[in-house]
Structure formats: C-alpha cells, structure tokens
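Colleague: I have a structure to look at and would like to go through it with you. Could you take my questions one at a time?

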Amino acid sequence: MELNPTPAERRIPTLAELAPRPGRRPLLPALTARQELALLCRTLHREGYDDHIAGHITLAEPDGTFLVNPWELAWDELTASDIIRVDRAGQVIEGDWNVTPAIGLHLAVHQRRHDLRVVIHNHSRWGSVWAATGRVPPIYDQTSGQVADDPMLYDEYAGTVDGAGEAQAAAAALGEGKWALLKNHGVFVVARDVRQAHLRAITLEHRCRIAWQVETLGGGQPIINPASLRVVSLSDEWGMPFLWEAMARREIRRDPNVLD
C-alpha cells in the first residue's frame, strides 16, 4: 500500500475550504489603498527591505495615477497619511513629500504591464548579496519555492535606474516576469495586488537568505524537480491565505499610527 502520495496525486484544497469560519472577527479592518501601501512598506522593512531611505513601491489606482511612498522617509516610519500620489509622468499631485528620482523605472513597467498593480524596488539585505554575485539563488526549502520561476537576472547595471533609458531597458528585460535581481544593485518585484506583492517579496528575500546560509555551510541539495513544489507554489496565485493579514496585524499592534 502506498503511504505517501506523489505530488500529482495530492489533493489541493480550495480557497473556500481554507476560508475562516463565518462569525469570527475580521482578520484585518477595512483598509484604504494608502493604508495597505504603508503596511506593505512596514512589513517588508522587517523582512530585510531596510536600506535606510532607499526603495520605493508604487500602487496603481483605477484613475491612472499611482500611490508611492515618499523619498524622504524610511519604510519603518511612514504612515498612510505620508503616502503621496503621482501622475503618469511621475509628478506629485497629492501629498506633502517628494517622489524618488527612480520613479521612471516603476512607470516604465506599469506602462508595459497593465496586469500589474504593485511594483517594488529596494536593496534588500540578502537579495543584494546574490545580485552582487550575478547569480540566482537555488531553492533549498519549500518556503523558497512559494513562487514558481527563477528571478530574471538583469546584468546591465549602468549606475542607477534614474534615467529614462535605463528604466525602459530594465522594464523590457523583466518582460512578463514576476521578479528580478538587478546585478550590483538590488531586487525588483511586481504583482497584481498587495497580497501577492508581499508574498513574492518575502519569498525572494527568504530564498536568498537560506541559499546563502546553506552554501556557506558547504553543502545542500537544491530542489530541482518542479513537481516537488507544485502544491506550495500555488501560494503565489492564492497570495498565501492569511499570511498578509497576520503580518499586517503585527505592524498595527506595534504601531497603530501606521494607519493614520
């Protein structure tokens, strides 16, 4: 008798089956787009996206404008009221802060990929290590495999992505991809919504950290069979039920002012 079903035989539960039971308290309060973006910045800062004031996240709005974190503030200090709004040209049209000069990178991707609502760029701790080596980290555990497909490696770094030409080149290199390592620079993550963006960003940083630690020990067996990760990689499409809510609640508990 076969005790361990193969990956193809494993039954995959539906979201409806995983949903919380009716009558329990909401996992999160109703959030505005600005509050979601502020919480995304706070949660990712705790995961290693913490290169001082570097890094930016855009959130596309239905009217064609974009919400973005301000240039002057670190990700662990901003609140919902600090989030600014820019137009299609990257000019601030709402808010009391300034926008990063690298906003063009985000706008170039949004122009090419209308399926995306969230674009993230930062110099994350472990992602930057692998970007500096020009290598894509192998997958050594199931958490690293929550997002299928390897990051794209963009190896034509020219100093910054502030210029229009550099921004368009990086956006073109990403193509239809989900994420990228920018050689000698940092990481780039795109997603259809905040939940998926959170999962992709933390998965990339986890994968980079675990791979570095395993290879520092001098061994390890990478997971190379996609079928082995077939079930766990569905987390990317689902957005990993309840993970985003749990991490957002943690930030609200630590500093309720994040929602102000």
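Modeller: Gladly, and please keep in mind that this is a predicted model.

Colleague: Which side chain does the side chain of H206 make a polar contact with?

Modeller: That partner is the side chain of D141, and the polar contact has a distance of 2.8 Å.

Colleague: And where does H206 sit, and is H206 buried or exposed?

Modeller: H206 belongs to helix α6, which covers residues 194-216. Its relative accessibility is 16%, and because buried means under 20%, H206 counts as buried.

Colleague: Changing topic, how many aromatic pairs does a search of the whole structure find?

Modeller: The search finds 2 aromatic pairs. Y49 and W75 form a stacked pair, with 6.4 Å from centre to centre and 5° between the planes. Y49 lies in the loop between α2 and β1, while W75 lies in the loop between β2 and β3, so this pair ties together parts that are 26 residues apart in sequence. Both Y49 and W75 are buried.

Colleague: What about W126 and W212, why is that pair called tilted?

Modeller: Their ring centres are 5.1 Å apart and their planes meet at 50°, so the pair is tilted. This pair links distant parts of the chain, since W126 is in helix α4 and W212 is in helix α6, 86 residues apart.

Colleague: How accessible are W126 and W212?

Modeller: W126 has a relative accessible area of 22% and is partly exposed, and W212, at 37% relative accessibility, also counts as partly exposed.

Technical notes: Residues are numbered from 1 along each chain as its sequence is written. This is a predicted model: local features need pLDDT of at least 70, side-chain atom pairs count only at pLDDT 80 or more; totals for chains, interfaces and linings use all residues. Side-chain values use heavy atoms; hydrogens and water are left out. Helices (H or I, at least four residues) and strands (E, at least two) are DSSP runs, numbered from the N terminus. Buried means under 20% relative accessible area, exposed over 50%, partly exposed in between (1.4 Å probe, protein chains only). A polar contact is a pair of N or O atoms within 3.5 Å; within protein, one must be able to donate a hydrogen and the other to accept it, and residues adjacent in sequence count only if both atoms are side-chain atoms. Rings of Phe, Tyr and Trp (its six-membered ring) pair if their centres lie within 6.5 Å; planes under 30 degrees apart count as stacked, over 60 as edge-to-face and the rest as tilted.
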